[in-house]
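Good morning, colleagues. Please look at the chain on the screen while I go through its overall figures and then two of its residues.

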Amino acid sequence: MTHAMLKGSNVPLDATAVRAVLRWTPGAGVPDVDASALLVGPEGRVNSDEDFVFYNQPRHPSGLVRHLPKAQLAESLTDTIEADLSALDASVDRVVLAASSDGGPFAGVSDLRVVLYDAAQSDGEPIAVFDVVPETGEETALICGELYRRADSWKFRALGQGYESGLVGLATEFGISVDENEAAADGPPASQAPVSAPPGPAVTGPDATAATPPPSTWPEEAFGPPSAVEHQASSASDPEAVTQHVADAMPEPLSSAPLPPPPTVAPQPPVAAPTGGGYGYPQNVPPPPTQPPAQPAYGYPGPPPQYQPQQPPPSPYGPPQPAQQPPASTYGYPLQQPFVPDPSFVLPPQGPQFQRR
């Protein structure tokens, strides 16, 4: 019984070896299609680049997965992958069946389908058929389906997942190292090519090595081409010829008329030397202004104030009465006279430690 598969559906396999046939209808302008298989581990990546079976590597080292040559079948063209599932190593978790287009995207490929057969039967009925329809049409690589383990048996799942990066992007997705020779340039760009100096006149003789200038490594766009004087001077072998070349290239003077005499300047009267003043001191310097007396520093006594006797205010009760004499001492001792400061008392001169600096 043949199972018509839908995208995402799966079917159990009773066969231990299967043959997956990729079919499409060729024609003018139709891209060519190639089938391939990837032996993937549980981590979703191949163990080595040898696990990628395609037209340039048609046989796995174990011999259990093979890519067969293309064949014409009626009006269709086929490309086939065979796999012996029962003998595969336990590290292989699934076999991915893929297709890639050459010459355009899958939008130009018509009647693309995968037909799964039992490899032990040459003319048996197909196990499953899946019509592969690209999602956008711009894909250049498709995962048509996969053969995967389920306990001790195998199943087939229809996928139809597309890649616009082609077979290279598909292989890289599963850990294949791809060497893209198309990205390598044939040579350095023209802008990076070394600029050689223009050839000069040939110089022969013992002075050829010394007279020949070294090739320039700088582009003429940055510094301009060498002038005629430099070119002739560098290629000449005679020193007199070099001098003559340089002299010929020098510009003529603007005029041969004599220059006008410089303007005359009237002499200035001599300045009399200053008189007076000692060595190192200016003369006629007025004396410094008189400085006010220095104020006493905080905490140090200054000159004593002048005593001014105070006149008693007029009494509101009439003229002042004569002062009464104090009573005489009753025991023979004179009474203590009140202290009256001496107005002529002046403190002695202060030392330098008390003077304000």
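The secondary structure of the chain consists of five helices and 12 strands; helices (H or I, at least four residues) and strands (E, at least two) are DSSP runs, numbered from the N terminus. This is a predicted model, in which local features need pLDDT of at least 70 and side-chain atom pairs count only at pLDDT 80 or more, while totals for chains, interfaces and linings use all residues. Residues are numbered from 1 along each chain as its sequence is written, and side-chain values use heavy atoms, with hydrogens and water left out.

Of the 357 residues in the chain, 26% are buried, meaning under 20% relative accessible area with a 1.4 Å probe, protein chains only. Among contacts (heavy atoms within 4.5 Å) between residues at least 6 apart in sequence, 66% join residues at least 24 apart.

Let us turn to histidine 60. Histidine 60 sits in the loop between strand S5 (52-53) and strand S6 (65-73). It counts as buried because its relative accessibility is 11%. Its side chain makes a polar contact of 2.8 Å with the side chain of aspartate 51; such a contact is a pair of N or O atoms within 3.5 Å, and within protein one must be able to donate a hydrogen and the other to accept it, with residues adjacent in sequence counting only if both atoms are side-chain atoms. Leaving aside neighbours within four places in sequence, histidine 60 is in contact with Leu39, Glu50, Asp51, Val53 and Val65.

The second residue is valine 109, in the loop between strand S8 (94-102) and strand S9 (110-118). Valine 109 counts as buried, at 11% relative accessibility.

Notes:
Buried means under 20% relative accessible area, exposed over 50%, partly exposed in between (1.4 Å probe, protein chains only).
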